[in-house]
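The points are numbered for reply.

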Amino acid sequence: MMIKIENLYRTFHHDDNEVPVLKNINLNIKEGECIVLKGVSGSGKTTLLSLIAGLDKPSSGKVLIDGEPISKLPDLFASELRAKKIGMIFQHFNLFEHLTVHENVTIPLIPSGLKMKEIQKKVDRALSLAHISHKKEIQAGRLSGGEQQRTAIARALVADPDIILCDEPTANLDRDNSLLFIESIKELNRLGKTIVIATHDPLFEHLDFKSTIIPMADGKIVSSYDDE
Ligand SMILES: Nc1ncnc2c1ncn2[C@@H]1O[C@H](COP(=O)(O)OP(=O)(O)O)[C@@H](O)[C@H]1O
Ligand SMILES: [Mg+2]
């Protein structure tokens, strides 16, 4: 199983109150699957993605990435595992606006210790896969929303992760760019990437490639998800 989520709970503490945000999430995601976590704002999607990425720790339960318990690893090791296996795409693109497209996409490879030539090769490949090569010398802040999200796709891909996590990736895109984004996801899925998209965008309800919609509400998965 590429991603295995077992009895996952996340509770936040507000003053004296305990606020349960994820309540017993169980989910198995196989290599090459495309999963759409669908739910209204506040249903716990971002919290779940953060736990899968090892950016946050559960209150109880666990997350395994390719057999490794990312949720139990010390932060340094969780970051290492994330850098190796997971690429992330966000609603607000999260680019360095004053750096060029090329520089933004290079950043994740800086700690890799790879030779400059090898880094160039990987960056060029990611830019090309994300259809943004023609803008590589432009500052990210000068791009359109669609181009910024394509840059973010290239950045998520550059280290060749097995898993791509997307949090409301089309929330700041118009319809045409949202459809282009979906085409990119389809391409990545065809390349064998395992993809998890948290969204409430109805465009993801009618994808023309195989995907599984997992409805979330109030910190739970609504329907039972059949993992055979
Ligand atoms: N760091 C945090 N501290 C306290 N409450 C949080 C925190 N993160 C999320 N929450 C709460 O958890 C609930 C789910 O949030 P979130 O995972 O962002 O949902 P979604 O992404 O589906 O909109 C919300 O009620 C939110 O206020
Ligand atoms: Mg969210």
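Which residues have the most contacts inside the largest nonpolar core?

1. Phe181 and Ile185 do, in a core of 34 residues. A nonpolar core here is a set of buried Ala, Val, Leu, Ile, Met, Phe, Trp, Tyr and Cys residues joined through side-chain atoms within 4.5 Å. Buried means under 20% relative accessible area, exposed over 50%, and partly exposed in between (1.4 Å probe, protein chains only).

2. On conventions: this is a predicted model, in which local features need pLDDT of at least 70 and side-chain atom pairs count only at pLDDT 80 or more, while totals for chains, interfaces and linings use all residues. Residues are numbered from 1 along each chain as its sequence is written, chains are lettered from A and ligands numbered from 1 in the order in which they are written, and side-chain values use heavy atoms, with hydrogens and water left out.

3. Helix 5 gives the most, with five residues. Helices (H or I, at least four residues) and strands (E, at least two) are DSSP runs, numbered from the N terminus.

4. Leaving aside residues up to four places away in sequence, Phe181 touches Ile89, Gln149, Ile153, Cys166, Pro169, Thr170, Leu173 and Phe204. Contact means heavy atoms within 4.5 Å. A second, separate core has 31 residues, among them Ile3, Val21, Leu48 and Ala198.

5. The structure holds 10 salt bridges, each a side-chain nitrogen of Lys or Arg within 4 Å of a carboxyl oxygen of Asp or Glu. In one of these, the closest N and O atoms of Arg10 and Asp56 are 2.8 Å apart. Arg10 lies in strand 1 (residues 3–14) and Asp56 in the loop between helix 1 (45–53) and strand 4 (60–65), so the pair ties together parts 46 residues apart in sequence. Arg10 counts as buried at 15% relative accessibility, and Asp56 counts as buried at 17%.

6. Asp218 pairs with Lys23 in a salt bridge at 3.2 Å between the closest N and O atoms. Because Asp218 lies in the loop between strand 9 (212–217) and strand 10 (220–221) and Lys23 in strand 2 (residues 17–29), this pair ties together parts 195 residues apart in sequence. Asp218 is exposed, at 53% relative accessible area.
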